[in-house]
Amino acid sequence: MTLTVAVDAMGGDVGVGVTVPAAVDFLDRHPDVRLILVGQPDAIEDELTRLARPRSGRLTVHAASQVVAMDDSPQSALKNKKDSSMRVAINLVKEGQAQAAVSAGNTGALMATARFVLKTIPGIDRPAIAKLLPTMKGESCVLDLGANVDCTPEQLLQFGIMGATLIEGVTGRNNPTVGLLNIGSEEIKGNDTVKQAAELLRNSSLNFYGNVEGNDIYLGTVDVIVTDGFTGNVALKTSEGLAHMVGALLKQEFGRNLFTRLSALAALPVLKHFKKRLDSPALQWRQSGRPARHRGQEPRRHRQPRFWLCHRRGRRRSPRQRNRTHPGTGQPPAGCAGAR
């Protein structure tokens, strides 16, 4: 069965300059997938022409006249941009023309639009942003990472259910352990919401490990870590900053003099292997098209997700990049000099 994915081609800081080349590369890697590029046809066609990649049976274009900017509020996107590339891509899923939608655009608008158009499944109040992070033992699923700043105990329980289902489907790991992110492992630690959530998780059918602390995220203590969106987003951005600092310091030290440069050359195989270990097995699965699984386990079949949110990592841009404008909005990318 061929999977059809609707892509918000105008989403993200740069728009078609990134999404269209990525879509073309994805098609080359996955011959059993069909893509629908949603957005302004002229901008998409220009990029396809630049890449010398015409439309085909596996790559089509669906028109959408509006673009959700990175600084648009979710309310504005829902009310005023009903023909945006993001909204139309999600509509294609609702109409059955696509099985999934992908966007690298405005996170808040994407979550709000997907929830409004597709609704949530019974028993789930809110969607959550999840990410598989590398650990000493493989990878762990952490959620929520920013979609819900304030959560009820019941919603944290629902996040645990969604996280356990995701880790089972992606890694094939049976009965994954679930931990609740807290300021200590003791049951008496945490605020009232966390304490009540721990009690709900403890009485659920999930394999609840108990409270875990921030250092447990990368130790791989549990398979799924549940937290509210505020705490999860802070933890994620802190991790990104630390990784950037370590990489920059290593580069500085290896480039200090001729001897250290030669040492870097000798250490290159180790550094490459280190980088490979940081790449989640689940990410390797998505690149190769084969499910990752543990020894002795067979891959398990699960329902496809309704939409994907592409995580964007903030980065410094060169002057040339800062002067670029988004092809749909005509504005500089959010976070750049000159952006509104």
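Predicted model: local features only at pLDDT ≥ 70, side-chain atom pairs only at ≥ 80, totals over all residues.
Two strands are taken to pair if DSSP finds at least two bridges between them.

Strand β5, residues 130–135, and strand β6, residues 138–143, pair in the antiparallel sense over six bridges. Two residues stand between β5 and β6, and the two strands form a hairpin. Within this pairing, Leu133 is placed opposite Ser140 of β6.

Just after α4, Gly96 adopts a positive phi of about 85°.

Helix α5, residues 107–118, contains Thr113. Because its relative accessibility is 3%, and buried means under 20%, Thr113 counts as buried. Leaving aside residues up to four places away in sequence, Thr113 touches Leu78, Met86, Arg87 and Ile90.

Now the charged pairs. The structure holds nine salt bridges. One of them joins Arg173 and Asp223, with the closest N and O atoms 2.4 Å apart. This pair links distant parts of the chain, 50 residues apart: Arg173 sits in the loop between α6 (153–171) and β7 (177–181), and Asp223 in the loop between α8 (216–219) and β9 (224–226). Both Arg173 and Asp223 are buried.

A further salt bridge connects the side chains of Glu187 and Arg202, at 3.9 Å from N to O. Glu187 belongs to the loop between β7 and α7 (192–202), whereas Arg202 is in helix α7, so the pair ties together parts 15 residues apart in sequence. Glu187 is exposed, with a relative accessible area of 58%, and Arg202 is partly exposed at 34%. Salt bridges that share partners also join Glu139, Arg173 and Asp223 into one network.

I close with the surface. Which residues form a nonpolar patch there? They are Leu242, Met245, Val246, Leu249 and Leu250, with about 420 Å² of accessible area together. Leu250 lies in helix α9, residues 229–254, and counts as partly exposed because its relative accessibility is 38%.

Conventions
Residues numbered from 1 in each chain as written. Heavy atoms only, no water. Patch = residues over 30% accessible without salt bridge, like charges linked within 9 Å, V, L, I, M, F, W, Y side chains within 5 Å. Areas by Shrake-Rupley, 256 points an atom, 1.4 Å probe, with all protein chains shown as cover. Salt bridge = Lys/Arg side-chain N within 4 Å of Asp/Glu carboxyl O. Helix = DSSP H or I, 4+ residues; strand = E, 2+ residues; numbered from the N terminus. Buried < 20%, exposed > 50% of the residue type's maximum accessible area, 1.4 Å probe, protein only. Contact = heavy atoms within 4.5 Å.
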